[in-house]
Amino acid sequence: MSDSIVTTEQTSAGRDTSAKVILRMEHINKDYEMPGETLHVLKDVSLTVHEGEFLAILGPSGSGKSTLMNIIGCLDLPTSGDYWLDGKYIFDEDETTLAQIRSKEIGFIFQSFYLLQRQTAFQNVELPLIYADLPEKQRKARVEECLARVDLSDKMYNLPNQLSGGQQQRVAIARAVANHPAILLADEPTGALDQKTGAQVMQLFHELNEEGNTIIMITHDGKIAAHAKRIVKILDGVISEGALEDA
Ligand SMILES: Nc1ncnc2c1ncn2[C@@H]1O[C@H](COP(=O)(O)OP(=O)(O)OP(=O)(O)O)[C@@H](O)[C@H]1O
Ligand SMILES: [Mg+2]
C-alpha cells in the first residue's frame, strides 16, 4: 500500500491536496476467547485515513464498531495486525505508553458526553491541557478559544447539569479539540440528542472538518453517516467501502 494515495480533494479550505496518512491499519484481527469457542469480532480489517478526512464507520449493533473504535483510539490492542497512528507504530505497547499516545493523538467524543459533573465547562475543557502540562496562562487562553469555537463563551462557568444536552456535547467537543489531536474520534455523537440538536452538532463537525480536523465518526445511523465525506461499512467484523445506498 502506498502512502501517497490521496482519497480526498481538500481544495475548499486551501489545504495541500496531497494529504498525509494519519491512520493506517493492515490486517487487523480481534478475537475473544470464550468458553468452548473463539469469537472473531474483527476480521482482516485494513483501513487508511488521510489528514483532513471526515469518515463515518457505519454498521448495525454487534458488527464490531466499538471494538474497532477501541483499537483506533488505543484503548485496546488487536489480536494480530499492524497499526500506525500519526506515523507511530502501535503494537504491544504497555498501558502507560498507550495512555500517552491516546491523550496526545485522540480527541474522544462519546454519546453520553462523559463530562465531570462537579467541574464547570471551563474546568472540563482545561483538564486535558493540565495533563499536557500547558502553562496556566496558555491554558486559560486555549480553553476560552475552544469554548468560543463551540459558541459557549457565555456558559464557561456553568456546571454540566446547568447546560442542555446539546451544550454539554459542545463542551465535550471543545475538550476533544483542545489539545489539537491528530484525530477526532466520535462514537454515536448525536445518539443522546434530539434531531435538531443533533443536526447542530453535525454542522459543528462540518465546520471543524473544514478547518482541517480529521474526524472519524462511528454510527449505526445512515442519516448521520451521510454527513461524512467517506463511508466505511462494517458488517460482522468485515469492513467495506461504498455508497450509502447499498448499506
Ligand atoms: N470483551 C468481550 N468479550 C467477548 N465478546 C465481546 C467483547 N466485546 C465485544 N464482544 C462481542 O463482539 C461483537 C461486537 O461488539 P461491539 O461492541 O464491537 O459491537 P457494536 O458494533 O459496537 O454494537 P453496538 O452498536 O450495539 O454498540 C459482539 O458480538 C459482542 O458480543
Ligand atoms: Mg458499540
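This is a predicted model: local features need pLDDT of at least 70, side-chain atom pairs count only at pLDDT 80 or more; totals for chains, interfaces and linings use all residues.
Trainee: How many residues of strand 8 are buried?
Mentor: Helices (H or I, at least four residues) and strands (E, at least two) are DSSP runs, numbered from the N terminus. Buried means under 20% relative accessible area, exposed over 50%, and partly exposed in between (1.4 Å probe, protein chains only). Strand 8 (residues 215–219) is mostly covered, with a buried count of 5 of its 5 residues.

Trainee: Which residues point the other way from Ile215, Met217 and Thr219 in strand 8?
Mentor: In a regular strand the side chains alternate between the two faces of the sheet. Ile215, Met217 and Thr219 point one way, and all are buried. The other way, also buried, point Ile216 and Ile218.

Trainee: Which residue in strand 8 is the bridge partner of Ala56?
Mentor: Residues are numbered from 1 along each chain as its sequence is written, and chains are lettered from A and ligands numbered from 1 in the order in which they are written. Two strands pair if DSSP finds at least two bridges between them. Strand 3 (residues 54–58) and strand 8 run parallel, joined by 5 bridges, and strand 7 (residues 183–187) joins strand 8 in parallel through 4 bridges. Ala186 has Met217 as its bridge partner in strand 8, and the bridge partner of Ala56 there is Met217.

Trainee: Where is the residue with a positive phi in the hairpin of strand 9 and strand 10?
Mentor: Strand 9 (residues 230–235) has 5 of its 6 residues buried. Strand 9 pairs with strand 10 (residues 238–241) in the antiparallel sense over 4 bridges, and Lys233 has Ser240 as its partner. The hairpin leaves 2 residues between the strands. The positive phi, about 50 degrees, lies in the turn, at Asp236.

Trainee: Which strands are the edge strands of the open sheet of 4 strands?
Mentor: The order is 2-1-4-5, with antiparallel pairing. Strand 4 (residues 80–85) meets strand 5 over 2 bridges, and Trp84 stands opposite Tyr89. Pairing on one side only are strand 2 (37–50) and strand 5 (88–89).

Trainee: Is Asp44 buried, exposed or partly exposed, and what is its relative accessible area?
Mentor: Asp44 is found in strand 2. Asp44 touches His27, Ile28 and Asn29, not counting residues up to four places away in sequence. His27 is 17 residues away in sequence, yet 4.2 Å away in space, C-alpha to C-alpha. Asp44 is partly exposed, at 45%.

Trainee: What is the volume of the largest pocket?
Mentor: On a 1 Å grid over the protein atoms alone, a cavity is a set of points where a 1.4 Å probe fits but cannot get out, and a pocket is an open set with protein on both sides within 12 Å along at least five of seven lines; lining residues have an atom within 4 Å of a point. Grid points are joined across faces, edges and corners, and a volume is the space filled by probe spheres set on the points. The lining counts 24 residues, with Arg102, Ser103, Ile106, Pro128 and Tyr131 nearest the centre. The volume is about 650 Å³.

Trainee: Which element gives the most to the lining of the second largest pocket?
Mentor: This pocket has a volume of about 310 Å³. Its 16 lining residues divide into 4 nonpolar, 8 polar and 4 charged; Ala, Val, Leu, Ile, Met, Phe, Trp, Tyr, Cys and Pro count as nonpolar, Asp, Glu, Lys and Arg as charged, and the others, Gly among them, as polar. With 4 residues, the most comes from helix 6.

How values were computed:
Side-chain values use heavy atoms; hydrogens and water are left out. Contact means heavy atoms within 4.5 Å.
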